[in-house]
Amino acid sequence: MKIWALTKIGLKECLRQRVVYFIFLISLLFVFMAKGCDIGTIKSENLLIGKEARQGISFGISFHGIVFWSIMLCGLLASQALTRDMDEGYASATLARPLGRDAYIAGKLLPVIIISTLNLTVLGWLFCWFFYRATGGITMQIPLSFFFMTLSLALYGLMIFCLSLFIPRQLAPLAGIVVYMISCWSSLPYSVENLKIFWTPSVTVQRLHLLLPKFGDLQCIGASILSGQQPFDAVNPLAVAGNIAVYVSVFWYVTVWVFKRREL
Amino acid sequence: MQFAIEAHSLVKKYGSITALDDITLEVNRGEIFGFLGPNGAGKSTFVKIILNLVRATSGSVRIFGEPVTNVKARETIGFLPENIRVYPFLSIEEFLRFHCELIGIASQNIKMAIDNCLCAMELESVRAQKIGTLSKGMLQRTGIAQAMLGNPELLIFDEPTSGLDPIGFTELRRLLLDMKARGTTIFLNSHQLSEVERTCDRVAILNKGRIIKIGSRDDLSDRGKHLEVTAEGFTDSMAAAINAFSQKNIETEGNKLRIYLTSEKDSVNVHRIIVEAGGRVQSLAWKSESLEELFYRLVKNEDMGFNKDRP
């Protein structure tokens, strides 16, 4: 009940921020792109890419665009949620109540994840709707691919919470985006079949892929599901699940540990 | 006996700065305890340690026997921070509901709890008003209402009179006394010395992180009791003679003398010394030091480094 009380306030606070609507509108552009924006003809070396493949490209761009902006939204909200309460003095009046600091963090984190997931869900359903309008069919691939991305959002939100306790809150989402982009980049040679032919990852890339949070692998899983490919051919699901579990635990415990020692 | 607040050898350091230096104090159940001190004395730091918002460098604090680091200790506390900061987009009612939920008041009792506090602070007519639009005084009333939610056993008020008008002052005083009559312990951190003097049972004066005086209101007044003499023709030789049975040097202000005698009987001697040496006594009366005067004297003496009068 206490965590939910904080979550309700957090939801109101998030929904009052213009950035939520701004990012929703930007993401919406990517949905309209998937609706049937004709990208024209694409010629490869020896063949002309067909309509289905072109639609796949549109879908891919839309999917990655929506996920990227949802990640951005999650990062922006997460970077403010905890630190602004501390700076503005809201946290001290709340924590004077019988409420543990871990419960406080959970209550501040939940609205961030709920709002960014809601953003992703609404856009995902719009995506489904336009797909239905275009093809007359319903596929579970789209909601499933977006579902995988909610894991990414939760992990990302927690990471930004943690970072915002160590670096200025404006820089936390930027730092988060850098980690996210490097993670995506280091996943490419492992997940994209065409790249595997001519890119053998160096030791550094291998290490980055192994050690960074697997945002990239999650995104590749989502994209594979969306395009109707086998998502776990290229990516080891146990390694991804293990990586996420470890990082969620690390970010959570570090955030709680630091916040418990923070004087208000 | 279990105390409401029990601090033992409490020290708080911020780097090389000592904010609290070996604070030991007990606040009895059901009393109104005044905590006074100039700016930067460490009052707010002490309150924050009680609420576990700040960690003590060493020492311990217990609330009704429970260490402050336990969440359970805060179940009994209502807290009004100095310059309360509240989410401006909430209405007063939403804000109070939020705090009811944080306290853990059962959902069926929340409305009654809110109504009682709104009624006590005369906020019923503005219950739907957004906090961001409230005046400072109204915000302070909202903060007090929030602190009173759930009938806490211990109320900690940090500058409760801040922003209140004279009517608000009087109502707050009445409220504090009502709460006390119901058995609530009140810890009052305030600069309003007259308010503290009128409402508190016991007072502690803090300066530079140390308690320089602690005692009941009457006890503190008695200690400051002095003989005020208005005399003409007062000389240094008279002062030397009187100082022999005075606690400390005579304070003079024009033809007014302030003498801290060890015994009330010596007032006759003071009169005799002045008259025999050719002076003329116009008036002679016992005066008690007001809390404000005592506070000023103690803090000034402490700052000048010759306070021999420790608790």
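Helices here are DSSP runs of H or I with at least four residues, numbered from the N terminus. With that in hand, welcome to some close-up views of this predicted model.

**View 1. A:D85 sits in helix 3 of chain A, which covers residues 51-88.** Is this residue buried or exposed? A:D85 counts as buried because 24 C-beta neighbours lie inside 10 Å, and the cut-off for buried is 20 or more. Setting aside residues up to four places away in sequence, A:D85 touches A:Y90, A:A91 and A:K108. For a sense of scale, look across to A:Q230, 145 residues apart from A:D85 along the chain. The C-alpha atoms of A:D85 and A:Q230 are separated by 44 Å.

**View 2. Chain A meets chain B here, with 21 residues of chain A in contact with 21 residues of chain B.** Which elements of chain A give two or more residues to this side? They are helix 1 (2-15) and helix 4 (90-95). By type, the residues on the chain A side that touches chain B divide into ten nonpolar, seven charged and four polar.

**View 3. Strand 6 of chain B, residues 77-80, is covered on both faces.** On one side you will find B:I77 and B:F79, and on the other B:G78 and B:L80; these are all buried. Strand 6 runs parallel to strand 7 (residues 154-158) of chain B, and four bridges join the two.

**View 4. B:F187 and B:I50 touch the most other members of the largest nonpolar core, a set of 144 residues.** Helix 3 of chain A gives the most to this core, with 14 residues. Which residues does B:F187 contact, leaving aside its neighbours within four places in sequence? The contacts are B:I5, B:V27, B:F33, B:F35, B:L154, B:L155 and B:I156. Another core, of ten residues, lies apart from the largest one, and its members include B:V229, B:I259, B:V270 and B:I274.

**View 5. Stepping back, chain B contains ten helices and 14 strands.** Its C-alpha trace spans about 80 × 45 × 35 Å along the principal axes of the chain. How much of chain B is buried? Buried residues make up 41% of its 311 residues. Among the contacts in chain B with a separation of 6 or more, 69% are between residues 24 or more positions apart.

Notes. Residues are numbered from 1 along each chain as its sequence is written. Chains are lettered from A and ligands numbered from 1 in the order in which they are written. This is a predicted model: local features need pLDDT of at least 70, side-chain atom pairs count only at pLDDT 80 or more; totals for chains, interfaces and linings use all residues. Two residues are in contact if their C-beta atoms, placed from the backbone, lie within 7 Å. Ala, Val, Leu, Ile, Met, Phe, Trp, Tyr, Cys and Pro count as nonpolar, Asp, Glu, Lys and Arg as charged, and the others, Gly among them, as polar. A residue is buried if 20 or more other C-beta atoms lie within 10 Å of its own, exposed if 12 or fewer, and partly exposed in between; C-beta atoms are placed from the backbone. Two strands pair if DSSP finds at least two bridges between them. A nonpolar core is a set of buried Ala, Val, Leu, Ile, Met, Phe, Trp, Tyr and Cys residues joined through C-beta atoms within 7 Å.
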